[in-house]
Amino acid sequence: MKIAISSTGEGLTAKADPRFGRAPYFVLLDDADSDVPGVTVLKNEAAEAATGAGTEAARRVVEEGAHVVISGSVGPNAFQVFERMGIPVYLIQGDMTVREAYERYQKGELTRMIIKRL
Amino acid sequence: MENTVTITIASGKGGTGKTLVATSLALSLPEGVQFLDCDVEAPNSHIFLNPQWEMEVPTGLVVPRVDESVCTACGECNRVCEFKAIVVIVDKVLVFDELCHGCGACTYICPVDAITEIEKPIGVIRKGSARNGIHFLQGLLNIGEPMATPIIRRLKKEASPVAKITLRDAPPGTSCPVIESVEGSDYTILVTEPTPFGLNDLKLSVGVCRELNVPLGVIINRADVGDAGIHAYCREEGLPILMEIPLIREVAEGYANGVPLIDVLPQYRDRFQELFDKILKEVRHG
């Protein structure tokens, strides 16, 4: 399973970015077949876009094959992309590294994002 | 047109007195001024000019709809969209209306003609007439709609091109709606106040006008409070100070009750006429 975490830097020790569309990187963890996840880094080309950063970043993350997304907050447009693709979004709160975010997710400590439709 | 003039009243900072100036200027000029309230997110000039509404024109934004039975999910629309308002993921196409600027690029580029355009209503243009023969037009963006610029563009289109004098009351700030409001005008009056905020935002507004190549002058409202920063800046930049309006309690009270400045202080009528003559001279002769 592939997990995408919005990040301020390029590895597990970097601080997780509370923003989604404007995060400079996504750290992708692939823990499919082993206890030690394989780490790849996706540079977020949309981070500097005037508008539409969220939808474009979401599209790229989906394209990279993420099954789960971890971030501090995901805007309504990007969230709609994930919802449509059946990809759950989990929320982090406060400062933590990418590794900590991943570990908390594994322990089931992160809240899943929902948007109530009116 | 040779014998028409369009003046925009703008300001970087909100609440400096755009509408105060625009409404009293309109009432000080000969009958038949065309007045455009371009602050479509919060129009308020009608409170002072009290027009009789005569017409309402619904205004929309053209947004794409995708026929999924025809779409091959090639992703061309996604690629060409400047605003990423249309997103193709695997075999699905998602359209985000609130990100769409209605440019039509996706419809144009689609190789299998899977995209049609629908008009999504985002606001209205209202037309009416007010005292002093003012031809009054107002744009009004629907609550929750993010994009003001298409309404302003439409408002300008709905305006009469032969009106001798057109005044545009611009929204505050220096973003797209302001640029749309200033663009195409012959002159811009920047209203400011003598505070550090006023000065900071005046500088930004001057930058916008210069970029758009529109001549400008400055009106300082509440001129007797604050500091001398605006004067120093205008001197340095060679910007004319067209008028200074002191802080007068009666004017503020009148304004709070929807009474224009010149109804409280009729002697300002002459000052506004002089100001207009000065602007006209500059516009005609450079």
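Student: Leaving aside its neighbours within four places in sequence, which residues is Pro171(B) in contact with?

Tutor: Before I answer, keep in mind that this is a predicted model. Pro171(B) is in contact with Cys38(B), Asp39(B), Glu41(B), Ala148(B), Pro177(B), Val178(B) and Ser181(B). You will find Pro171(B) in the loop between strand S8 (165-169) and helix H6 (176-182) of chain B.

Student: What makes Pro171(B) buried or exposed?

Tutor: Count the C-beta atoms around it. A residue is buried if 20 or more other C-beta atoms lie within 10 Å of its own. Pro171(B) has 24 of them within 10 Å, so it is buried.

Student: What is the phi of Val90(B)?

Tutor: Val90(B) has a positive phi of about 50 degrees, although it is not a glycine. Most residues other than glycine have a negative phi. Asp113(B) is another non-glycine residue to look at, with a positive phi of about 55 degrees. Asp113(B) sits in the loop between helix H4 (105-109) and strand S6 (115-130) of chain B.

Student: Why is Asp113(B) called exposed?

Tutor: The limit for exposed is 12 or fewer neighbours. Asp113(B) has 10 C-beta neighbours inside 10 Å, so Asp113(B) counts as exposed.

Student: How much of chain B counts as buried?

Tutor: Of its 286 residues, 46% count as buried. The secondary structure of chain B comes to eleven helices and eleven strands, and its C-alpha trace spans about 70 × 45 × 40 Å along the principal axes. Among the contacts in chain B with a separation of 6 or more, 74% are between residues 24 or more positions apart.

Student: Which domains is chain B divided into?

Tutor: There is domain 1 (5-59 + 122-285) and domain 2 (68-113). The C-alpha centres of domain 1 and domain 2 of chain B lie 39 Å apart.

Student: Now for helices. Why are H7(B) and H8(B) called roughly parallel?

Tutor: Start with the angle. The axes of helix H7 (residues 196-211) and helix H8 (residues 229-237) of chain B cross at roughly 25 degrees and come within 9 Å. Angles under 35 degrees count as roughly parallel, and H7(B) and H8(B) are therefore roughly parallel to each other. In H7(B), Pro196(B), Gly198(B), Leu199(B), Leu202(B) and Val206(B) meet Gly229(B), Ile230(B), Tyr233(B) and Glu237(B) in H8(B). By class, that contact has six nonpolar, two polar and one charged residues.

Student: How do you know how H1(A) and H2(A) are arranged?

Tutor: H1(A) and H2(A) pack at an angle of about 30 degrees, with their axes 7 Å apart. The limit for roughly parallel is under 35 degrees, and H1(A) and H2(A) are therefore roughly parallel to each other. Their crossing is right-handed. The contact includes Gly54(A) and Thr55(A) of H1(A), and Asn77(A) and Ala78(A) of H2(A). By class, it has seven nonpolar, three polar and one charged residues.

Student: Which residues of H2(A) are buried, and what do they pack against?

Tutor: In helix H2 (residues 76-85) of chain A, the buried residues are Asn77(A), Ala78(A), Phe79(A), Val81(A) and Phe82(A). On chain A they pack against helix H1 (53-63), strand S4 (68-71) and strand S5 (89-91). On chain B their partners are strand S4 (86-89) and strand S5 (92-95). Just after H2(A), Gly86(A) takes a positive phi of about 70 degrees.

Student: How many residues of chain A are in contact with chain B?

Tutor: Twelve residues of chain A are in contact with nine residues of chain B. H2(A) gives the most to the side of chain A that touches chain B, with five residues. The residues on that side of chain A divide into four nonpolar, five polar and three charged.

How values were computed:
Residues are numbered from 1 along each chain as its sequence is written. Chains are lettered from A and ligands numbered from 1 in the order in which they are written. This is a predicted model: local features need pLDDT of at least 70, side-chain atom pairs count only at pLDDT 80 or more; totals for chains, interfaces and linings use all residues. Helices (H or I, at least four residues) and strands (E, at least two) are DSSP runs, numbered from the N terminus. Two residues are in contact if their C-beta atoms, placed from the backbone, lie within 7 Å. Domain bounds come from an automatic or database domain assignment. Ala, Val, Leu, Ile, Met, Phe, Trp, Tyr, Cys and Pro count as nonpolar, Asp, Glu, Lys and Arg as charged, and the others, Gly among them, as polar. Axes are lines fitted to C-alpha atoms, for helices over the stretch in contact, and angles run from 0 to 180 degrees between N-to-C directions. Angles under 35 degrees count as roughly parallel, over 145 as roughly antiparallel, 65 to 115 as roughly perpendicular and the rest as oblique. A crossing is left-handed if the near helix is turned anticlockwise from the far one by less than a right angle, and right-handed if clockwise.
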